[in-house]
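Keep the structure in view while reading.

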Amino acid sequence: MKLFPRHPSKLPEGPLSRKALQNLFRNNTAVISAGIIVAAVLTTLLGYLITPDSSPFANEQHLEIAAQKPGFSVSMLKITGNEPESHCPLTERWLFGCKNAYSYIPFNDYRFENGKIILSACDRSGDTDLITYEYLIQDVLYALPSKDGHLSFSAGSPDLRGAIIGDDIPAMQHDIIRHHIITRHYLLGTDRFGRDMLSQLLIGTRVSLSVGLISVFISLLLGILLGALAGFFRGWVDDLIIWFINVIWSIPTILLVIAITFVLGKGFWQVFIAVGLTMWVEVARVVRGQILSLREKEFVEAARALGFTNGRIITRHILPNAMGPVIVISAANFASAILIEAGLSFLGIGVQPPMPSWGTMIRENYSYIILDNPWLAILPGMCIMLLVLAFMLIGNGLRDALDVKTTTSV
């Protein structure tokens with residue numbers, strides 16, 4: 001016979017109990033913010049599978065069509081590359097993108113003449129035809145083997161080209177028209193280098209969410225550890241940790257991040273560590289305050305009387321009851337990490353090109369705000385604002401949802 005039957009409906013509830021979740025779902029603002037965050041997470045997970053430009057870092061550049069307006073469309077000639085064909089696995093394309101097997105040349109008009117295709121390209125304004133490109137139609141359709149069996153570039157000898165391909169010019173012209181002349185659509189236009197803005201924004205979401213996630217994880221790891229030690233043991237341990245927290249707290253965050261970045265170097269992973277090492281102090285202060293209020297409770301005294309170790313009391317009994325405020329502050333820290341990363345990238349000491357980042361996109365295009373193309377800087381700025389606002393509002397919703405007094409019976 002069990003003396004203490006455990007009924008699932010009567011077990012103590014965690015920080016995100018059913019009632020707290022119900023309160024959260026009643027908050028329309030929090031629900032909308034959660035939808036924005038879920039959409040950003042899905043964008044991050046799908047990555048290059050949903051971007052119009054699936055090349056590595058969405059870095060396919062066409063200077064002829066730089067800084068074009070949203071909704072821009074252009075005809076392009078697809079030229080077969082003279083490199084060995086390699087299979088790109090789905091996982092590689094998903095994570096890193098795949099190198100394009102073709103070169104793409106934007107043009108306004110074309111014609112065939114003497115076994116060649118002649119393209120008329122236009123300048124960036126799209127008003128005047130300035131450039132003419134000529135390509136042998138064989139070079140457009142085929143990657144040519146050289147005499148040693150390897151692929152060569154279009155400068156291969158005409159006799160070798162004719163021997164391999166033949167002289168069926170009309171059939172090859174028809175093949176070019178059907179399969180090698182395409183129309184590209186740029187829903188959000190192109191940036192100053194002729195890259196697809198939509199692809200850059202989608203891949204930039206990966207950087208922002210990754211920095212936020214890993215930075216918050218680092219801050220939680222350090223903050224919970226130091227805050228728990230300070231609040232539980234008190235005495236000289238508390239004094240030492242509080243002194244260290246106050247020292248870190250007194251240094252402006254952006255200056256501390258810049259200093260850490262200079263020590264660790266510029267790059268993707270360095271930003272994670274730099275931002276995470278500056279955000280743990282808030283978590284430590286909150287955890288310390290929560291543990292100070294819980295360490296004298298009856299259930300902690302009962303755990304001591306049963307002979308449980310300090311580590312078990314902290315991890316199994318105190319921390320689960322102190323995680324509500326930590327969850328709320330983590331949402332705010334996530335938003336702060338996104339802003340700090342964007343600021344570092346704008347200053348040129350964060351994520352380095354060609355990896356797309358919203359802060360880098362603003363830095364590269366902010367001069368266009370006073371010109372004819374302000375959306376080049378406004379679009380990434382709006383993405384930063386929308387995602388940061390979503391995390392702040394979901395944090396407020398979590399705070400209101402967790403601010404309920406529930407009684408449980410065992």
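Helix 13 (residues 358-365) is mostly covered, with 7 of its 8 residues buried. Buried means under 20% relative accessible area, exposed means over 50%, and partly exposed lies in between (1.4 Å probe, protein chains only). Helices (H or I, at least four residues) are DSSP runs, numbered from the N terminus.

The model is predicted: local features need pLDDT of at least 70, side-chain atom pairs count only at pLDDT 80 or more, and totals for chains, interfaces and linings use all residues. Residues are numbered from 1 along each chain as its sequence is written, and side-chain values use heavy atoms, with hydrogens and water left out.

**Helix 13 and its cover**

The buried residues of helix 13 are Trp358, Gly359, Thr360, Met361, Ile362, Glu364 and Asn365. Their cover includes helix 7 (197-233), helix 12 (310-347) and helix 14 (375-402). Take Thr360, which sits in helix 13. Thr360 counts as buried because its relative accessible area is 3%. Beyond its neighbours within four places in sequence, Thr360 is in contact (heavy atoms within 4.5 Å) with Ser345, Phe346, Val351 and Pro353.

**Nonpolar cores**

A nonpolar core is a set of buried Ala, Val, Leu, Ile, Met, Phe, Trp, Tyr and Cys residues joined through side-chain atoms within 4.5 Å. The largest core has 55 residues; Val275, Trp280, Leu344, Leu387, Phe391 and Ile394 touch the most other members. Several helices supply at least two residues each to this core, among them helix 2 (28-46), helix 8 (235-250), helix 9 (253-264) and helix 10 (268-294). Helix 14 gives the largest share, 11 residues.

Which residues does Leu344 contact, leaving aside its neighbours within four places in sequence? They are Ile254, Val257, Ile258, Thr261, Val271, Val275, Ile349 and Gly350. A second, separate core of 16 residues includes Ala228, Val300, Ile313 and Ile318.

**Nonpolar surface patch**

Val38, Val41, Leu42, Leu45, Leu46, Leu49, Ile50, Leu90, Trp94, Leu95 and Phe96 make a nonpolar surface patch of about 970 Å². Patch residues have over 30% relative accessible area and no salt bridge; nonpolar side chains are joined within 5 Å. Helix 2 and helix 3 (90-96) each give two or more residues to the patch. The largest share, 5 residues, comes from helix 2.

Two residues side by side:

Key: Patches are made of residues with over 30% relative accessible area and no salt bridge: like charges are joined within 9 Å, nonpolar side chains (Val, Leu, Ile, Met, Phe, Trp, Tyr) within 5 Å. Accessible areas come from the Shrake-Rupley method with a 1.4 Å probe; for residues, only the protein chains shown count as cover. A salt bridge is a side-chain nitrogen of Lys or Arg within 4 Å of a carboxyl oxygen of Asp or Glu.
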